[in-house]
Amino acid sequence: REAAALVLLDDDFSSIVKTIRLGRRIFDNLRKAMAYVLAVHIPIAGLSLIPVLFGWPLVLLPVHVVFLELIIDPACSIAFEAEPEEPNVMNRPPRDRKEPLFSRRTIVLSLLQGTAVLLVTLAIYGIAWEQGRGELEARSLAFTTLVIANLGLILSNRVWSKNIISSMRNKNTALYIIVAATLALLAAVFSVPFLRSLFSFGLLHVNDLALCFGAGVACIVWFELVKFFSRPKTKLVKEINE
């Protein structure tokens with residue numbers, strides 16, 4: 001609707017260019033949001049079902065799922081929608097009208113992202129359980145890792161032509177508010193005894209938090225490498241020279 005208004009209200013060739021740019025940004029952001037949604041729900045589903053199948057203590061309780069959805073919903077509806085267009089958005093040829101929103105490559109990458117988060121989170125939970133940390137501490141470690149990995153998925157998927165560090169130059173106030181609010185709420189859950197009891201968590205130490213952060217970051221490192229090696233060499237040379 002906004003794109004059509006640009007053309008109808010302003011009879012100028014530049015309006016057509018702006019409309020094309022806007023349309024491509026909207027399409028890209030929709031695809032990124034859907035890719036993120038698919039990826040992030042794989043570990044949520046896995047951590048809900050696998051412990052039941054193997055007779056392990058539950059990792060995710062209803063309150064944990066609600067916490068995660070409080071991150072996922074605004075990330076999809078606000079953060080990705082507010083993301084500016086990719087740097088090369090107007091250098092790409094027109095896409096085929098029959099091209100689906102989800103290409104096979106996008107689906108595969110999303111599934112791999114979600115599976116990586118699931119495996120790493122399960123590994124953290126299993127190692128903690130084998131070390132005799134107890135159900136509460138093991139759940140704390142697994143959930144904290146999942147939250148950090150979730151934020152990593154958002155930051156990694158927001159821009160597909162840049163790495164996370166480079167993409168931080170793109171101003172997206174809504175995204176930064178979501179990340180800050182998530183970390184603040186997670187800190188409150190562990191700091192306030194009532195909330196910690198509500199979430200069935202145990203106490204975590206600084207080295208535990210460092211482990212969760214490192215594991216969460218490890219979940220998306222491979223995707224950052226895929227983005228790096230997928231970029232055109234000419235673009236890489238230009239960025240290095242700059």
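This report walks through a predicted model, from the whole chain down to a few residues.

## The chain as a whole

The chain has ten helices and zero strands. Read along the sequence, its pattern is α-α-α-α-α-α-α-α-α-α. There are 242 residues, and 43% of them count as buried. Among contacts with a separation of 6 or more, 78% join residues 24 or more positions apart.

## Helix α5 and its partners

Helix α5 covers residues 135-157. Its 23 residues should span 33 Å at 1.5 Å a residue, and the end C-alpha atoms are 32 Å apart, which agrees. Of those 23 residues, 20 are buried, so α5 is largely enclosed by the rest of the structure.

Two packing partners of α5 are described here. One is α4, residues 104-130. Another is α7, residues 173-191. The table sets out both pairs.

| Helix pair | Axis distance | Angle | Residue classes in the contact |
|---|---|---|---|
| α4 and α5 | 9 Å | about 160 degrees | twelve nonpolar, four polar, two charged |
| α5 and α7 | within 11 Å | roughly 175 degrees | eleven nonpolar, three polar, no charged |

How do α4 and α5 run relative to each other, roughly parallel or roughly antiparallel? Their axes pack at about 160 degrees. Angles over 145 degrees count as roughly antiparallel, so α4 and α5 fall in that class. The crossing of this pair is right-handed. On the α4 side, the contact is made by Gln113, Val117, Val120, Thr121, Ile124, Tyr125, Ala128 and Trp129. On the α5 side, the residues include Glu135, Arg139, Leu141, Leu146, Leu153 and Asn157. By class, this contact has twelve nonpolar, four polar and two charged residues.

The axes of α5 and α7 cross at roughly 175 degrees. This pair is therefore roughly antiparallel as well. From α5, the contact takes in Ser140, Phe143, Thr144, Val147, Ile148, Leu151, Ile154 and Leu155. From α7, it takes in Leu175, Val179, Thr182, Leu183, Leu186 and Phe190. Eleven of these residues are nonpolar, three are polar and none is charged.

Now to single residues. The contacts named below leave out residues up to four places away in sequence.

Thr106 sits in helix α4. Is it buried or exposed? Its relative accessibility is 8%, and under 20% means buried, so Thr106 counts as buried. Thr106 touches Arg31, Ala35 and Trp160.

Arg31 belongs to helix α2, residues 13-54. At 13% relative accessibility, Arg31 also counts as buried. It touches Glu99, Leu101, Phe102, Thr106 and Trp160.

Trp160 lies in the loop between α5 and α6, and α6 covers 164-167. Its relative accessible area is 24%, so Trp160 is partly exposed. Which residues does Trp160 touch? They are Arg31, Lys32, Ala35, Glu86, Thr106, Phe223 and Lys227. Lys227 is 67 residues from Trp160 in sequence, yet their C-alpha atoms are 6.3 Å apart in space.

Arg31 of α2 touches both Thr106 and Trp160. Thr106 of α4 touches Trp160 too.

Conventions. Residues numbered from 1 in each chain as written. Predicted model: local features only at pLDDT ≥ 70, side-chain atom pairs only at ≥ 80, totals over all residues. Heavy atoms only, no water. Axes fitted to C-alpha atoms, helices over the stretch in contact; angles between N-to-C directions. Parallel < 35°, antiparallel > 145°, perpendicular 65-115°, else oblique. Contact = heavy atoms within 4.5 Å. Nonpolar A, V, L, I, M, F, W, Y, C, P; charged D, E, K, R; others polar. Left-handed = near helix turned anticlockwise from the far one by under 90°. Expected span 1.5 Å × (residues − 1). Buried < 20%, exposed > 50% of the residue type's maximum accessible area, 1.4 Å probe, protein only.
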